Amino acid sequence: MEIGVGVMSKVCIIHGPNLNLLGSREPSLYGEITLEELNRQLTDYGKRLGLEVETFQSNYEGAIVEKIQQAVGCDCLIINAAAYTHTSIAIRDALLAVKVPAVEVHISNIYRREDFRQRSLLADVVQGQIVGFGVYGYRLALDAAIHLLQGGTTIVQTG
Ligand code: DQA
């Protein structure tokens, strides 16, 4: 399925700090899959949905800001800003600046964890959040990207 006429839509997935350690980092919380394997699976899943998927990981706030600034070529962003979710006005401002629709993902359910994780500085500038479904949440985010790219709203229609 292609969203545009003969043009593959591009989804850019941004992973924040410490997500390069997926697989070995607190596996009971974040799972046992490595980031490399996860990215491979997401690229394959995206292909099946007719999406080109680009992945990026950085432990540096500024590098993530720059990646978002360059995301003008992306039709949709999927971002797990990890710990920066809770602290980074710079990442929030970058998302506001590029006006690319974004889906926020967290592997764990941040609302069932420490108080400091229960606040996201990104929550009100993204289209929606997917939290607590483990790494499966990224697939859900790709499904959400398709929905957004097809012109779906985040407002539930009644009736
Ligand atoms: C996380 C949750 C954050 O609080 C934490 O700092 C992370 C991962 C998640 O995916 O559950 O690094 O974003």
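Hi everyone. Let's start with helix H2: its buried residues pack against strand S1 (9-15), strand S2 (51-57) and helix H5 (136-149). Packing here rests on contact, meaning heavy atoms within 4.5 Å, and buried means under 20% relative accessible area, with exposed over 50% and partly exposed in between (1.4 Å probe, protein chains only). Helices (H or I, at least four residues) and strands (E, at least two) are DSSP runs, numbered from the N terminus.

A word on where this comes from. This is a predicted model, in which local features need pLDDT of at least 70 and side-chain atom pairs count only at pLDDT 80 or more, while totals for chains, interfaces and linings use all residues. Residues are numbered from 1 along each chain as its sequence is written, and side-chain values use heavy atoms, leaving out hydrogens and water.

Back to H2. Which residues of H2 are buried? They are Leu35, Leu38, Asn39, Leu42, Tyr45, Gly46 and Leu49. Seen down the axis of H2, these buried residues fall within an arc of 130°, so they line one face of the helix; the arc is that of the directions from the helix axis to the C-beta atoms. An α-helix has 3.6 residues a turn, so residues three or four places apart point the same way. On the face of H2 turned away from the buried side, you'll find the exposed residues Glu36, Lys47 and Arg48. Just after H2, Gly50 takes a positive phi of about 85°.

Now, on to the ligand. Among the residues around the ligand are Arg25, Tyr30, Asn80, His86, His106 and Arg117; a residue counts here if one of its heavy atoms lies within 4 Å of the ligand. How far is an oxygen atom of the ligand from an N or O atom in the side chain of His86? That distance is 2.7 Å. For Asn80, the corresponding distance is 2.8 Å, and a polar side-chain atom of His106 lies 2.8 Å from a ligand oxygen. The protein covers 99% of the 320 Å² of accessible area that the ligand has on its own, with areas from the Shrake-Rupley method and a 1.4 Å probe.

Let's finish with Asn80. Asn80 lies in strand S3 (residues 76-80) and is buried, with a relative accessible area of 3%. Leaving out residues up to four places away in sequence, Asn80 touches several others, including Ile14, Leu19, Val105 and Tyr138.

Technical notes: A polar contact is a pair of N or O atoms within 3.5 Å; within protein, one must be able to donate a hydrogen and the other to accept it, and residues adjacent in sequence count only if both atoms are side-chain atoms.
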